[in-house]
Amino acid sequence: MANISSFGKYTHAIVRCIPSSFGTAETTADGSDSGAEPVDLAKAHRQYGVYTGILRQKLGLQVIELAADEGLPYSTLVGDLAVIQGDTALLTRPWMPSRRDEISSVKKVLEELKLRVVEVTDEGATLDGSDVLFTGREFFVGISKWTNHRGAEMVADAFRDFAVSTVPVSGTLHLRSFCSMAGSDTVVIGSSDVAKKAMKTMEQLTDHHYETLTVPDDPAANCIYARLGQKSSVLLHRSAEEYPNSVQPFQKLQDYTLIPAACTEVAKHGGTLSSCSLLINKKLEI
């Protein structure tokens, strides 16, 4: 049964420093031609510094920072490497040669934190963490360019206490490219046709009524929700500098602490706020 009281509570975050090779990569994280404007590496490092500072100082998390790996330009996007809920961590595609090294370093940290680590071992399964939306009650898994039905089955196998539903995602997007949670009852959703269609599908598949907070810009819908103490809610969202029209809707979230954070540079290669960290709620051992 879902334990809503623990939703949004975290104690640790895993991040990885941005390698210099990120600024010169000519392909996106999936290996296709990026076609994106050049990355300002100095700006990327500044934004990363602000981001990790927020995790430490605003959210009070113990941040575990992995060293940059020049051979893996997109390794800073650690959020795609695992799905973590409670004391279980599901590692995505550890059998892929191109991802083995970056996943092994994350696995080591998870094991040191004494989480139950499960690995996707089916070579026919594809799964990215950015395609997995956990609401506190259930999982929605985007079926996309990066995640297939077999990958969704791996999520269901690893987290058997929760319902798992699949949501088609078209194009090159992940499910969380245009949605996220702003609490256990509220979904932040973008305004594109793709986002609206996905939200309609989720509403049809769930038995729970979720409130929706719609923002004009899809990328601005990717946020990080956290709870501090018993009552304090925090939402980390994209900055007004990036999406000025999407900042105002967040003001509807009464009694929330709203923290803007820019990630323009990692976004040039498909990165989001949530894909730049793995958040963990490590229960204290007595």
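Student: Where does Ser184 lie in this predicted model?

Tutor: Ser184 is in the loop that connects S9 and S10.

Student: Why is Ser184 called buried?

Tutor: Its relative accessible area is 14%. Buried means under 20%, so Ser184 qualifies.

Student: What is Ser184 in contact with, leaving aside its neighbours within four places in sequence?

Tutor: Its contacts are Ile4, Phe7, Thr135, Arg137, His208 and Tyr210. Each has heavy atoms within 4.5 Å of Ser184.

Student: How do you know that the span of helix H4 agrees with its number of residues?

Tutor: H4 covers residues 193-205, which is 13 residues.

Student: Which residues of H4 are buried, and what puts them on the same side?

Tutor: The buried residues of H4 are Ala195, Ala198, Met199, Thr201 and Met202. They cover an arc of only 160 degrees around the axis, and therefore they share one side of H4. In an α-helix there are 3.6 residues a turn, so residues three or four places apart point the same way.

Student: What does the face turned away from the buried side of H4 carry, and what does the buried side pack against?

Tutor: The face turned away carries the exposed residues Asp193, Lys196, Lys197, Lys200 and Gln204.

Student: What makes the buried residues of helix H3 a one-sided set?

Tutor: In H3 (residues 149-158) the buried residues are Gly151, Ala152, Met154, Val155 and Ala158. Their arc around the axis is only 150 degrees, which puts them on the same side of H3. They pack against S4, S5, S6, S7 and S8.

Student: What makes both faces of strand S4 covered?

Tutor: In S4 (residues 88-91), Thr88 and Leu90 on one side and Ala89 and Leu91 on the other are all buried. Side chains in a regular strand alternate between the two faces of the sheet.

Student: How do you know that S4 pairs with S3 and with S5?

Tutor: Two strands pair if there are at least two bridges between them. Four bridges join S3 (residues 82-85) to S4, in the antiparallel sense, and four join S4 to S5 (residues 116-119), in the parallel sense. Gln85 has Thr88 as its bridge partner, while Ala89 stands opposite Val117. S3 and S4 form a hairpin with two residues between them, and Gly86 in the turn has a positive phi of about 65 degrees.

Student: Why are S12 and S14 called edge strands?

Tutor: The open sheet has the order S12-S13-S14, with mixed pairing. S12 (224-228) and S14 (256-260) each have a single partner strand, so one side of each is left without a neighbour in the sheet. The twist averages 20 degrees from one strand to the next. Helix H1 (residues 41-58) packs on this sheet, touching S12, S13 and S14, and its direction makes about 155 degrees with that of S14.

Student: How do you know that S12 pairs with S13?

Tutor: Five bridges join S12 to S13 (residues 232-237), in the antiparallel sense, and pairing needs at least two. Arg227 has Ser233 as its bridge partner.

Student: Over which residues is the pLDDT below 50?

Tutor: The chain averages a pLDDT of 91, and 92% of the residues score at least 70. Residues 30-34 are below 50, and this stretch has 12 contacts beyond near neighbours in sequence. Where pLDDT is low, the predicted coordinates should not be read in detail.

Technical notes:
Residues are numbered from 1 along each chain as its sequence is written. This is a predicted model: local features need pLDDT of at least 70, side-chain atom pairs count only at pLDDT 80 or more; totals for chains, interfaces and linings use all residues. Side-chain values use heavy atoms; hydrogens and water are left out. Axes are lines fitted to C-alpha atoms, for helices over the stretch in contact, and angles run from 0 to 180 degrees between N-to-C directions. The expected span of a helix is 1.5 Å times one less than its number of residues. Buried means under 20% relative accessible area, exposed over 50%, partly exposed in between (1.4 Å probe, protein chains only). The arc is that of the directions from the helix axis to the C-beta atoms. pLDDT is the predictor's confidence in each residue, from 0 to 100.
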